[in-house]
Amino acid sequence: MPNLKRSMIILSTVILAAALLTLSCQSSFKIVSAHDWGATPPPFTLPQHKIQHITIHHGGVEFSKDKDPVAYIKHLQDWSRKEKGWMDIPYHFLIDLDGNIYEGRDIRYPGDTNTNYDPTGHALICVLGNFETQNPTQKQLRSLAWLCARLSKQYRVPLKNIKSHKDYTETLCPGKNLYKHLQDGSLLNMIQVFQGKR
């Protein structure tokens, strides 16, 4: 009986330590709101949708350390409205090289795409960079996994519905060097760690 009690105490300690470790890891992630990076209100809105999928994109252009992500996102917002006639940035979230997460389009509204799949019901995440020619940083991958885990929990999206742009249409997006992390299961494993399932 004393051995059983001791084992239970050890098990409880291990569970608590794991929970604290998870919390400390998660607390290092923060989403910069659209207001905080200086977004302007959309000129119109769309019918709201229900999130059932999480879909990963890349920016499709080289992104380097000396690029200002906020300036890039502001330019993307301006281009999306003036050149494409969209309500806002096509993505709901964007992740820079340092793993900083920026809120894009209000997630209540469907995103947009230059390809022929319907993004209604999809939470769109853009990882900044061109991953046909460069590699995502470890910080980007960790932030992507954390964000996917958070959205998956919030909207009850199953792991099988976390995919990439190229899984829905003919495109290179999100680039071979990011897509391989979906193909080999490493990204889904990281997501499960943040969900506390591994």
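Colleague: Why is strand 5 (residues 122-127) largely enclosed by the rest of the structure?

Modeller: Some ground rules. This is a predicted model, where local features need pLDDT of at least 70 and side-chain atom pairs count only at pLDDT 80 or more, while totals for chains, interfaces and linings use all residues. Residues are numbered from 1 along each chain as its sequence is written, and side-chain values use heavy atoms, with hydrogens and water left out. Buried means under 20% relative accessible area (1.4 Å probe, protein chains only); strands are DSSP runs of E, at least two residues, and helices runs of H or I, at least four, numbered from the N terminus. Six of the six residues of strand 5 are buried, so the strand is largely enclosed.

Colleague: Which strands run parallel to strand 5?

Modeller: Two strands pair if DSSP finds at least two bridges between them. Strand 2 (residues 53-58) has six bridges to strand 5, with Thr55 partnering Leu124. Strand 3 (residues 93-95) has three, and there Leu94 is opposite Cys126. Both pairings are parallel.

Colleague: Which residues have the most contacts inside the largest nonpolar core?

Modeller: Nonpolar side chains tend to be buried together in soluble globular proteins. A nonpolar core is a set of buried Ala, Val, Leu, Ile, Met, Phe, Trp, Tyr and Cys residues joined through side-chain atoms within 4.5 Å. The largest here has 28 residues, and those with the most contacts inside it include Ile54, Ile125 and Leu147. Helix 4 gives the largest share, eight residues.

Definitions and conventions
Buried means under 20% relative accessible area, exposed over 50%, partly exposed in between (1.4 Å probe, protein chains only).
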